[in-house]
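Here is a short tour of the fold and its aromatic rings. Please keep the structure open beside you as you read.

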Amino acid sequence: MGKRILVAVVMVPVLLAVIFLLPDWVLAIGVTGLSMIAIHEVLWSTGFVKDPKISGLSIALAGLIPLWVFFTDQDPWLGLAGAFLYVTALFAVAMASNYTVTMEKMGGSFFLTALIPYFLSSFLRLRALPEWRAYILLPFVVAWLSDAFALFAGMAFGKHKLAPQLSPKKTVEGAVGGLAGAVVFTLLYGLIVGRVLGFSQVRYGVLAVYALLGALISQFGDLAFSYIKRQYHIKDYGNIFPGHGGVLDRFDSVIFCVPLIELLVGLCPVFGA
């Protein structure tokens, strides 16, 4: 627990500085780096793909997707070109491998390589909104507070296992505590942000829906990546964050939460002038 707290003490100020104090391209570089590390983790820690050519191609594409979103999101042909080159090279490696690179490995590599960086790139699309300062931290607030309160509630009241085959320590009581904590503190976040940034209108009912749906999908994301870990019998994806594990161990819930928040903002904004 001490290591987890120490990492949070260091990571949170760095995160705030990258988002609010530095140019927006620094955030794009940060998302690019996280995406590349995440793809390396999921391919190599599981042993799913240890072919250096395939993992190299996948890591490269994972780095290009956020940069494409940031610089040229209005030019879809560039994204098409990247996907075309990646798939072509992937098949070329497979055909030269004497059938050791299977369709399962190619499909799994492409699926993860497209999903993780594109979902994380929702931060870049949120950053481009006029009211980005109000929304950009919401995925972290919802996902990480849901994680934290689920942990505390589970330790204090947990009796009924939530998904023992996927995550033996998670409990129904912990999940409920995570939902409740996320809703309460997201509403508090909305109150503070509304006053600090001067929004005359804050739709707290809508914000509560953000928090509830976001906490649910965050817990789902945690279980989704636990599903992969259990299938390949690993405890953590990496050790880049002491006490937390790798990038995927720390950002698994955020990966699912941030695109949902982006969709909800587009459908029903919370903050108004």
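## Overall fold

The chain holds 11 helices and four strands, where helices (H or I, at least four residues) and strands (E, at least two) are DSSP runs numbered from the N terminus. Its radius of gyration is 19 Å, close to the 19 Å that the globule rule gives for 273 residues, so the chain is as compact as a globular protein of that length. That radius is taken over C-alpha atoms, and the rule is 2.2 Å times the number of residues to the power 0.38.

This is a predicted model: local features need pLDDT of at least 70, side-chain atom pairs count only at pLDDT 80 or more, and totals for chains, interfaces and linings use all residues. Residues are numbered from 1 along each chain as its sequence is written, and side-chain values use heavy atoms, leaving out hydrogens and water.

## Aromatic pairs

The model has 15 aromatic pairs. Rings of Phe, Tyr and Trp (its six-membered ring) pair if their centres lie within 6.5 Å; planes under 30 degrees apart count as stacked, over 60 as edge-to-face and the rest as tilted. Phe225 lies in helix H10 (residues 204-232) and Phe256 in helix H11 (residues 247-267), so the pair ties together parts 31 residues apart in sequence.

Phe225 counts as buried at 3% relative accessibility, and Phe256 is buried at 16%; buried means under 20% relative accessible area (1.4 Å probe, protein chains only).

Key: Buried means under 20% relative accessible area, exposed over 50%, partly exposed in between (1.4 Å probe, protein chains only).
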